Amino acid sequence: MLEIKKVYKNYGKKRALTNVSYQFGTGVYGLLGPNGAGKSTLLQIITDNLKMDVGQVLYNGTDIHKNQKQYKSALGYVPQIQDMYENFTAFEFLEYMAALKGMPKAQVLPEIKRVLKIVGLTKNAMQKLGTFSGGMKQRALISQALLGSPQVLILDEPTAGLDPKERIKLRNHISRLAETTTVILATHVVSDVESIAKDILLLGDGRIRQHGSVEELCSGLAGKVFEGRISADDLARLEQTAVLSNIQELSGGRIEVRCIAEPEKMQALPFPFQTAAPNLQEVYLYTFAMH
Ligand SMILES: Nc1ncnc2c1ncn2[C@@H]1O[C@H](COP(=O)(O)OP(=O)(O)OP(=O)(O)O)[C@@H](O)[C@H]1O
Ligand SMILES: [Mg+2]
């Protein structure tokens, strides 16, 4: 459905993307990676808001530049930067965005009502965006991307600033959409995508470091995640050997620890550990904190 082929992008001498290729079908694709990894650059290229140096983006087999109008009307995009029209009301903002998308007039009003309801802003429709809280602005930004039920939905850190209730609501909505839509979602919050993503792409330093389903990625780390109960003194020693993924203080000065390490290094430690089932956060840490 959506394919990126050998995409390269430099900003001056700074390399932002190197040889990035991927095929996306319907479903949620989680894009994870540290600050500066190239996530936003890749999403700006996919949405045709930024020119790549080399490479191609294909939608249903056709280069997006050969079919720009059709592609734009199939696309919804939540950019990372809240570049808002502060003097517009939420309603005016959505009217404007619907016009930019070329939405037929008869659809505009029902669509605006529909998307405002999804993000819980129905009561705030006539309020100016400049008076919105950070999380409300973010929800307004998400609502414009949902106008017209796009086939391709690109979300760049959509949950930034959302409270837990809104975060879960959005996750559930995206999960429902994903049956018929290609959703690419960049985030730092592993739990935003862990339960709903078909595939995860781990982007580091402009390259895809790892990709696959959550299950595949986690099983690739089997045997390298450990848990145990140790003293505070042991903790300092453990930190030199392993990357800590979770610590919890127990009563009596003991600490429960989960960590990631090469097995032979753990065997050399004078305190007992058991292997544990890896989670996606640990895959992330292994990919970016250890290599
Ligand atoms: N307009 C620009 N001009 C020059 N360099 C840029 C520009 N935009 C991004 N970069 C650089 O390209 C690299 C990738 O940036 P990008 O914004 O794509 O990362 P990101 O993965 O989205 O990071 P974050 O998690 O912080 O949002 C970084 O090194 C960044 O400094
Ligand atoms: Mg970014």
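Author: We'll take the sheets, then the helices, then the ligand.

Author: First, some ground rules. This is a predicted model, where local features need pLDDT of at least 70 and side-chain atom pairs count only at pLDDT 80 or more, while totals for chains, interfaces and linings use all residues. Residues are numbered from 1 along each chain as its sequence is written, chains are lettered from A and ligands numbered from 1 in the order in which they are written, and side-chain values use heavy atoms, with hydrogens and water left out.

Reader: How do I read a sheet, and what is the order of the strands in the one with 6 strands?

Author: The general idea: strands of a sheet pair through backbone hydrogen bonds, either parallel or antiparallel. Helices (H or I, at least four residues) and strands (E, at least two) are DSSP runs, numbered from the N terminus, and two strands pair if DSSP finds at least two bridges between them. Here, the order is S6-S7-S8-S3-S9-S10, in an open sheet with mixed pairing. Strand S6 (75-78) and strand S10 (207-212) are the edges, each pairing on one side only. From one strand to the next, the twist averages 15°. Angles run from 0 to 180 degrees between N-to-C directions, with axes as lines fitted to C-alpha atoms, for helices over the stretch in contact.

Reader: Which way do S7 and S8 pair, parallel or antiparallel?

Author: Parallel: S7 (residues 152-156) and S8 (residues 182-187) share 5 bridges. To find your way in, look for Leu153, whose bridge partner in S8 is Val183.

Reader: And what is the strand order in the sheet with 4 strands?

Author: That one is an open, antiparallel sheet, ordered S2-S1-S4-S5. S2 and strand S5 (62-63) each have a single partner strand, so one side of each is left without a neighbour in the sheet. S1 (residues 2-11) pairs with S2 over 7 bridges, and Leu2 stands opposite Phe24 in S2. S1 and S2 also make a hairpin with 2 residues between them, and Gly12 in the turn has a positive phi of about 60°. S1 pairs with S4 too, over 5 bridges, with Val54 in S4 as the bridge partner of Tyr8.

Reader: Now the ligand. Which residues are closest to ligand 1?

Author: Count a residue as near if one of its heavy atoms lies within 4 Å. Ligand 1 is surrounded by 14 residues, and the closest are Gly36, Lys39, Ser40, Thr41 and His188. H1 gives the most to this shell, with 3 residues.

Reader: What about polar contacts?

Author: For the ligand, look for a pair of N or O atoms within 3.5 Å. An oxygen atom of ligand 1 is 2.8 Å from a polar backbone atom of Gly36, and one is 3.1 Å from a polar backbone atom of Ala37. The side chain of Ser40 has an N or O atom 2.8 Å from a ligand 1 oxygen.

Key
Polar contact = N/O pair within 3.5 Å; in protein donor to acceptor, adjacent residues only side chain to side chain.
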